[in-house]
Amino acid sequence: MHILVLLMGLMTAASAQTPRLEKGPAKPIKMVVLGDSLSAGYGLPGPAAFPIRLQKALEAKGIKVDMINAGVSGDTSSGGRDRLDWSVPDGTDGVIVELGANDALRGIDPDLTRAALTDIITKLQARKIAVLLCGMLAPPNYGSEYAAKFNAIYPDLSKTLGVPLYPFFLDGVAADAKLNQADGMHPTAAGVDIVVKNILPTVEAFLGAISGQRS
């Protein structure tokens, strides 16, 4: 009896001295922005590029991310597919795909763009990496038939491949001279901040889904 009491006392004392294992702060979500000059930060200082501004906006909300800027100026969807394996390292949790603007500017066959984006998404899904697809709209100079075929790519892929879609990456910025550089195509730093502000709720939901799959 005395031994039992003594043992119970020792166990109680030990548990009091041993700190309970608490869940530490969540590990940062590893993100890649796979894109072209619009996300690479063409014509802007490095800290003004979309991935950096997005990371800061997320951190301001207490969301920790490790963000890689894998934007390459002039890249097409096919170019993004060709460099996918080395642009998206192992251990990546999610990829924001921002490609297609250069396809539309060059009048590339929308079927080729669709095929390249399909390959990118399915290859990432095969690696268990979540994808957020950013839509793009064709300029009017190739006509309504081309625009209709091109513009349909993004919502179609979102539906058929089961990935979230941000309908138009340049929403709120396109065609606004005050928010674009002299070329009329690339956002200024203020324009990038508008893009970040508008896409932020979609990115938050995307990261929330990734966090839910981790737990």
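User: Which helix gives the most to the lining of the largest pocket?
Analyst: This is a predicted model in which local features need pLDDT of at least 70 and side-chain atom pairs count only at pLDDT 80 or more, while totals for chains, interfaces and linings use all residues. Residues are numbered from 1 along each chain as its sequence is written, and side-chain values use heavy atoms, without hydrogens and water. Helix 2 (37–40) and helix 6 (101–106) are the elements that give two or more residues to the lining of the largest pocket (helices are DSSP runs of H or I with at least four residues, strands runs of E with at least two, numbered from the N terminus). With four residues, the most is given by helix 6.

User: How many residues of the lining of the largest pocket are charged?
Analyst: The lining has 18 residues, with Ala 101, Leu 105, Met 136, Leu 170 and Met 185 nearest the pocket centre (a pocket is an open set of points on a 1 Å grid over the protein atoms alone, for a 1.4 Å probe, with protein on both sides within 12 Å along at least five of seven lines; lining residues have an atom within 4 Å of a point). By class, 13 are nonpolar and five polar, and the number charged is none.

User: What is the strand order of the sheet?
Analyst: The sheet is open and its pairing is parallel. Strand 2 (65–71) and strand 5 (165–166) each pair on one side only and are the edge strands. Five strands therefore stand in the order 2-1-3-4-5 (pairing needs at least two DSSP bridges).

User: At what angle does helix 9 run to strand 4?
Analyst: Helix 9 (residues 153–161) packs with helix 8 (residues 144–151). On the sheet, helix 9 lies across strand 4 and strand 5, and its angle to strand 4 is about 160°.

User: Are helix 7 and helix 8 roughly parallel or antiparallel to each other?
Analyst: Helix 7 (residues 110–126) and helix 8 have axes 9 Å apart and pack at about 10° (axes are lines fitted to C-alpha atoms, for helices over the stretch in contact, and angles run from 0 to 180 degrees between N-to-C directions). Their contact joins Pro 110, Asp 111, Thr 113 and Arg 114 of helix 7 to Tyr 146, Lys 149 and Phe 150 of helix 8 (heavy atoms within 4.5 Å). Angles under 35 degrees count as roughly parallel and over 145 as roughly antiparallel, so helix 7 and helix 8 are roughly parallel.

How values were computed
Nonpolar A, V, L, I, M, F, W, Y, C, P; charged D, E, K, R; others polar. Parallel < 35°, antiparallel > 145°, perpendicular 65-115°, else oblique.
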